Structure formats: structure tokens, C-alpha cells
Amino acid sequence: MAEVFLVVDRFHQRRVALKVVHAIAASNEEKQQLEHLWVNEMRLAGRLKHPYILEIYEAGTDGDRSFLVMECVNGGTLKPHTRQGALLDIPKVADVMFKVGHALEYANTQGLLHRDVKPDNVLLADDGTPKVSDFGAAYLTTSDTTQVIGVGTLPFMPPEHFEGVEPNVQHDIYAAGVMAYNLLTGAYPHKGDSQAAMIYDKLHGSPVPLEARRHQVPAALAKAIERAMHRQPSERFASWQAFRDALSAAFPDLGDAAGVSESARFESMRRVSFFQHFSETELWEAVRISSVQDFPAGEEVITEGSEDSTVFVVEAGELEVMRRGVRIGRVPTGEVFGEIAFIEGTERPRSASVRTLTPSVVTAFKPEALKNASSALQVAFGRAMVRQLVKRLFDSNDRVIAAVKARAAV
């Protein structure tokens, strides 16, 4: 349908991918379908902003040629990793699927179903970050216009596709399950020497059990993947959140692989009240620039008079704030401390100490990391800190009023 070139965007001083559509030589019906898919991609220019979706910067026409300018990533697609001898480690597959699930859920909130989820359409950045691409076959859930229905790739199509069921989120979840199976085993779950045979097996047969093809897959992960591609929609995950929850339940069985740890950190941090108003994009960035630290009870995290400007968020536990040996406050789970330096933009010595009352887990953000963070993340941090400061002010005011009333009653 198109050729893709590596080019330099001189204005932004960056390497980008330039996709130029071919003149379409096909029957009228095929030509209309291909043109529709191309227009779909052009409509998405600048619309999808997610760390795990390939960004389209610009779309347009030049004479009789149409083009897209896209983010350039160098790691190729996941397709080569569906061959024996090149399969990814099990933790890496779990990490990729978790992030792809986030990306496709985000697309769904924008009114899109991908409809062609497969290894060929997930690219890898240099650091292994997955990027979902090729939304040409996307189904617009909010569109009133007639859309192309018969699109997708056979092994990844759910059984109900062949029964004329209108596309919904479970179609993409099914495809994601098949993709995970394919990445883990190098095979498809359903057999068939022809298209008709594979369709029949999807409708009437059972997939080859995952553990029969890769014994080392933990039971929780295998169960999540097999449910995602269940033949009956009523038994399949009904939402991306449910699928991701099942994947995250398997993380403890996968060790401390870097990717899985990052995905597990996301799941942990999104449950912390301080981060509840962060977007997914902002929270993923927060995961990447932070570190998690464990402290036993009675240990100082911040020392009065020190020049460290790290900002901390409490994930679990409780801490107390001490100034010149006098307790002046506490920091419960879900709150931030050490934030004054960030708000002021100064590096003056700490005015108080903070130490743990109970065993505690905190997320640490170094000042340089926050200074170099995106403006969106800095704004999210600022807003969260202001909300917490206001809450502290109201709580302090309530305590003063209660104390006054208590004295008046005496």
C-alpha cells in the first residue's frame, strides 16, 4: 500500500519515518477499501498521544501523492520474535502485553478499536519500548458513517467476527491474547492447513494449551492469556483493565526482570492517592524517572540541615516530621514530603527531619529528574502538591477549631 522512508525533519531537527502511499491499482471495491484505510490513518495525525503508540506527526498530500510523517523507531517489529530460536523471554512478553494493553485501552477511550492487533503492528524502540502502530484498520466507535467491516488478519480474528458481530473491545482483547500466545510459542493457538480449516477450528475446536508448547510459562500468565482469547465472549475479559489486572497478578512469578518491574511499578503507583489525577502518560513517565525505596521503622529518610532535594511519595507506611527534636506533623500513606524545595525551586538545607514510624515504602524523585521531566508531568506534580497542601491546611484548621471548642467546653 505504501513505502516508508527514513528522512530528516530539518525544522525539528529529528529523524522521522515518511510513509508515502502508492497509486492504488485494484478493483473499485478494493480501491475504495484501501483508500478508506489510508484516510483512517491520516485522520489520526496528532490525535493519539501515548508512550506506547507510534505517534503520527503530520499528514497531507503533495500533488497526487499522500503521505504521513511518523515517529521513527529502530527496533523493528515483534514479528521476528515469533520464530523458534528468536522468542522473547517470558517476562519480556508479559511486559510488552501489559503496555500494549494500556495503549489499546487509551485508543479505546479516544473512540478507536485497532482491529489488526498482531506482532507485525507493534514496533520496538531502541530500549525495547513497544509502540503500537498501523491504525489504518481502526473502527471508529463514535462514527455515524458506514465503515469497512471485513478487515484484520485471520489468526488474530475472534470467532464472532465470522458470525457478523459488530466490532467491540473484546475483538482487540482476543487478538492481544493470540499475539501473546504467538510471541511465547512461535505458533498460533488454532490449527488449520487452510483459511477455512482455521476458521472452523476457531468456531468449533479448542486452542492448543499454552503449556503444551512452552512449559516454563507461569500458570497465572497462561491463564490470563487463555482467557483473553477464549472462544466465548462471555468468558473472555470484558475490559482492558481486567486483562491487565490478570497480567499483573502474574508478575510476582516472573522475577525482577526490568520490564516486568516497570509494569509492576505502574500498577503499584496508580493505586497511590497522590497520583490519582495523573494521566497514564504522566504516570508512565513518573515510573521511569523514579526509584522505590524500603525503610524499616525508626529510620530517617530526610535529615534536618541536609542539602538533598529529593521529593518522596509514601506508597505504604507512616512517617513523622521532626524539627529541632519536636514532632510537628506526620505523613501517612499516599502523601508527599520533601516537596517544598521543588515548589520553591531552591536548594536550601532541609528545615526538618522525616523518619519512619512503621516500615515504609516510598517513591523517590531526584530534583534533576523532575527538572528535566515533561511540562505535563511537572504540572501534574504541582497540582497534586497544591491539593495536598490545601488538605493539610483544612486539617490543621479543623484541629484548631476542635481544640478551641474543647477549651470552651471546660
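The structure holds 19 salt bridges, a salt bridge being a side-chain nitrogen of Lys or Arg within 4 Å of a carboxyl oxygen of Asp or Glu. This is a predicted model, in which local features need pLDDT of at least 70, side-chain atom pairs count only at pLDDT 80 or more, and totals for chains, interfaces and linings use all residues. Residues are numbered from 1 along each chain as its sequence is written, and side-chain values use heavy atoms, leaving out hydrogens and water.

Select Glu 315 and Arg 265. Their closest N and O atoms are 2.6 Å apart in a salt bridge. Glu 315 lies in strand β11 (residues 311–316) and Arg 265 in helix α8 (residues 258–269), so the pair ties together parts that are 50 residues apart in sequence. Helices (H or I, at least four residues) and strands (E, at least two) are DSSP runs, numbered from the N terminus. Both Glu 315 and Arg 265 are buried, meaning under 20% relative accessible area, with exposed over 50% and partly exposed in between (1.4 Å probe, protein chains only).

Next, select Glu 267 and Arg 271, whose side chains form a salt bridge (3.5 Å, N to O). Glu 267 counts as buried at 3% relative accessibility, while Arg 271 is exposed at 57%. Through shared partners, salt bridges join Asp 245, Glu 267, Arg 270 and Arg 271 into one network.

Now go to helix α4 (residues 195–204). Which of its residues are buried? They are Met 198, Asp 201 and Lys 202. The face turned away from that buried side carries exposed Ala 196, Tyr 200 and His 204.
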